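Here is a short report on a predicted model.

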Amino acid sequence: MNVFKLKRIAITAIVATVSLGMFAGAAQAEWSPKKPVEFIIMAGTGGGADQIARLLQGLIEKKDLSPRPFIPINKPGGSGGEALRYLKDKAGDDHVVLVTLNSFYTTPIIQKGLGVDPKTFTPIGRMALDTFLLWVHDDMKDITSLDSYVKAVKSKGKSWKVGGTGSGQEDSILTAMMEKEFGYEVTYIPFPGGGTVAKNLIGKHIDSTVNNPAEQNEFYRAGKSKPLVQFTGERMAAYPDVPTAKELGVDIEYYMQRSINGPPGMSKEAQEWYINLFKTLYESEEWQKFCVEDGLDCTEWVAGDDLAEFHSTAIKAHEELIESVGAAAITGE
Amino acid sequence: MGEILGLLGAGLLQALEPLNFSMIVLGVILGLLVGALPGLGSVNGVAILLPITFLVPPTAAIMFLAAIYYGAMYGGAISSITLGIPGASTAVATVFDGRPLAVSGKADKALTAAAVASFIGGTISVILFTLFAPPLAEFALKFGPAEEFSLMVLAFATFIGLGGDDIPKTIFSILIGLVLAAIGLDIISGQPRMIFGDISGFMHGINFLVLAIGIYGIGEMLWTLEQTKGQVTAHNVKLSLKEIIKDIKDVKEYIGTTTLGSVLGYFVGTLPAAGATPASLMSYGLAKTFSKEPETFGTGNVSGVAAPEAANNAASTGSMLPMITLGIPGSPTTAILLGGMIIWGLRPGPLLFTEHPDFVWGLIGSLYVANLVTLVINLLFIPLFVKILTLPFTILAPTIYILCVVGGYAPTQTMHDVWLMFLFGVVGYLLRKLDYPVAPAVLAIVLGPLAERSMRQSLISSQGDPLIFFERPISLTCILIAVALILVPVYQKYKRRKNANKSEPEAES
Amino acid sequence: MTVKTAELVMAIVLALCSIGLMIKSAELNITWIEGRGPGSGAWPFWLSAGMLLCCLLTLYRWIRRITPESRNTDLYMTRETVVIVGTSAGAILFLLAATHLIGLYFSLMLFLLFYIKYVGRHSWALTMALTIGIPVFIFCLFEWALKIPLPKSITEPLFYPIYDLMYS
């Protein structure tokens, strides 16, 4: 035991000396991470948020933007509830950031007992807005527009199957919004991840879906599926011939934000450092190229207090949305 | 056909280019190491090394990552056999016979069988991949939720014979595995489920590895300690090149089950959502069902190592098919590979084959090469792995405990899971002393989530009509085979009981 | 405690656990929803019910003395077993608890020191080599090669200079 203790004291002494030396040198520089940064993803491996996090991590490494690496950690539990709770418990920690999707808003509303208020989190930057389109299989020749779609759904009623990525997720909210708007009821089947939904549409196990462009684009190019309507403000460059819902007189516009946020009570200096870092990444050629290819909207950089404002507007909108369609319409029970 | 051979030839040449070839060798070695560590599997290896691939061209990058994936599949068998801990869910079935073989001093035989069977499995599946990729992609599309569920029923049926003689205890073990798998989020309703004491660690559910490492790592270690009263003698293994060559020649003992496992593994692997784990379990179950001496399975039958290893390597190749042709990952690892391809600016999907043929064929070519490289490296390393077993127990035991702890921590990076793992280890040990079989619980926790989800998806889409499982031809076929598979061992048992009515199962401990 | 008693106690404990799981899963909908199939709690609820049934069967078989365990009057855990297994389990328990306090790396050192020196009675040279070597190896492997940070708790600041060396 004695030898061990001695050894440990010796190590501590060496470590202390070295760290003092380092500290003196770094004192006047601005804040930068002192240990690897946990890059929490509130979704599973392979999904959109995961891809974004891993791309950003790779870019940070390639461009040597951070003195310490970013380490992606997936915490998909409870529709992101676990990730949110984890960040809340890490309050004041400057070495954790979170990549979000819209479950950042919806999960705390739907899971009342979670006890997390996303407004308390430290906003860093919004990297992109993801868009949604309504897709059907290309073989459905008599469905060519939103009108013919609504007619077809109404004639089939509950036996019309809509696939999605899970109750409480963005597309289930959009589906519920459409049900309310057009006065029909469909059967909503949850799948794990947008890729699986896309496959089930092509395999005709479901009749229609609300997918992101990234998930359907290849099948669209191969002539296997077709978009009917986009839920954006204006027509996207990639889909110039697809009308927006607004043009057709249907007031549905919906986006999914992909933003970076810190835990509550992150220090001002750290927040500033992360904002700068992600701004550099946002403006990088690689990121902008990724946005174009993935059908993401990356035209406006929103950071810090502006992002906080964006979040609080979005949270309010989601509260109203969920209240108007009813939580039961989303969970299905 | 000629066209395919031409493309394949070009792909092979591409894989043999100096940069690509060295990436493959490096990938295989890294994969082997990552796979051999309990808790870390190909998912971790591929995810961690993904950023490195931004530095090389996409073709070299995908070859590197595919080689890691491949190497890790072999690596999983190493920890299953030498340490008795499945490194990944794909290697669970390898423990059943690999561990008993190692304990009885035949680790080299088991390791060689694993390497050779993996090679055969890999090669058969790459050939199938080369010849039948497009039609199989079409077939994979036919698999909806109802088919997935009946496939799960089939998977359960294949290992019905794995339990002990005590039927209530075996069923209990399966059921508790299924219930543990239900903890976490219910994806159908989006509600958190069975979150005990509002502890957020339960939200991500109970990872299969937590249970497997607990039971096979800690539980097995405690069991060994008790059996040997702490006086574990180191295994005396002498190993020469001659021995290994002799071991390789034993391949005729298990070539049949290996071929069957390879083909089965490939087909199951190509189905999105299924992946290598059910494939290896089904292959093990089938090998046992059709064996002439099923009672030797679980006590150290070489076929019991070869069958699952052939299947999991075949399935890992198979699971690249839906990734490449449909853009849908067949396993968590391919999910990350897919992300990588998107980051490199390649869009997997029905058009990839025609728009980027050199990428696709380069990847296929690299699979052939990686397969051979892995076999060679593996056989060279076998003497080293066998050495692990000669360590004194008082050094091996704490090392295994430490590997269990860090392996339980690494996948989710929470201490919550490490505590659960410890709890499962101790409870598993106590249950094992009373002849509760533990393997069925581990298998059930792997297949449980998929079984429940696909069943409920099917019922929602049929609006609550359970006939959906019998109306669809593929689904009905799977269920009929499952019924047959359940009846075969029951009949065999009945026959054996009739023959040897007097012999009674012995009490343990 | 004999194996016979242990079999009885275990069956009762597991039956109680099954009931607990049933109650827990009954917090959600456990019924068949018309046109939708089973509710979200139905799967775990009915499986737990099955567990309970299996436990009751084991109890029945115990009473009828059908299982070999129910006839076995050997000790469930001999004194020797308790000591051997208890030492290992206790050491791991300590390792986990200490990780929360002083982080994994220093706990590992204490754990190894105990196991190799006290249980294994190996020489000091070997003990020290492994006590230092294994944690250093784990650090290099996980933190450096695999980029998976392991828990460090209050000893975290001690690692900052190492990070400086690693990433500079």
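Which residues of helix H10 (residues 285-294) of chain A are buried? They are Trp287(A), Phe290(A) and Asp294(A). Seen down the axis of H10(A), these buried residues fall within an arc of 60°, so they line one face of the helix. The arc is that of the directions from the helix axis to the C-beta atoms. A residue is buried if 20 or more other C-beta atoms lie within 10 Å of its own, exposed if 12 or fewer, and partly exposed in between, with C-beta atoms placed from the backbone. Helices (H or I, at least four residues) and strands (E, at least two) are DSSP runs, numbered from the N terminus.

The model is predicted: local features need pLDDT of at least 70, side-chain atom pairs count only at pLDDT 80 or more, and totals for chains, interfaces and linings use all residues. Residues are numbered from 1 along each chain as its sequence is written, while chains are lettered from A and ligands numbered from 1 in the order in which they are written.

**Around H10(A)**

The face of H10(A) turned away from its buried side carries exposed Glu285(A), Lys289(A) and Val292(A). The buried residues pack against helix H2 (48-63), helix H8 (213-221), helix H9 (268-283) and strand S11 (296-297) of chain A. Contact here means C-beta atoms, placed from the backbone, within 7 Å. Gly295(A) follows H10(A), and its phi is positive, near 70°.

**Chain A and its strands**

Chain A has 12 helices and 12 strands. Of its 333 residues, 49% count as buried. Among contacts in chain A with a separation of 6 or more, 76% join residues 24 or more positions apart.

In a regular strand the side chains alternate between the two faces of the sheet. Strand S8 (residues 208-211) of chain A points Ser208(A) and Val210(A) one way, and Thr209(A) and Asn211(A) the other way. All four are buried. Strand S7 (residues 187-190) of chain A is also covered on both faces. Thr187(A) and Ile189(A) are buried on one side, Tyr188(A) and Pro190(A) on the other.

The table lists the pairings; two strands pair if DSSP finds at least two bridges between them.

| Strands | Sense | Bridges |
|---|---|---|
| S5(A) (residues 133-137) and S8(A) | antiparallel | four bridges |
| S6(A) (residues 161-164) and S8(A) | parallel | two bridges |
| S6(A) and S7(A) | parallel | four bridges |

Thr209(A) in S8(A) is the bridge partner of Trp135(A). Thr209(A) is also the bridge partner of Gly163(A). Lys161(A) stands opposite Thr187(A) in S7(A).

**A helix pair in chain B**

The axes of helix H11 (residues 255-270) and helix H13 (residues 302-318) of chain B come within 7 Å and cross at roughly 35°. Axes are lines fitted to C-alpha atoms, for helices over the stretch in contact, and angles run from 0 to 180 degrees between N-to-C directions. By class, the contact of H11(B) with H13(B) has 11 nonpolar, 12 polar and no charged residues. Ala, Val, Leu, Ile, Met, Phe, Trp, Tyr, Cys and Pro count as nonpolar, Asp, Glu, Lys and Arg as charged, and the others, Gly among them, as polar.

**Chain C against chain B**

This contact takes 59 residues from chain C and 56 residues from chain B. The largest share of the chain C side, 17 residues, comes from H3(C). The residues of that side divide into 35 nonpolar, 15 polar and nine charged.

How values were computed. Two residues are in contact if their C-beta atoms, placed from the backbone, lie within 7 Å.
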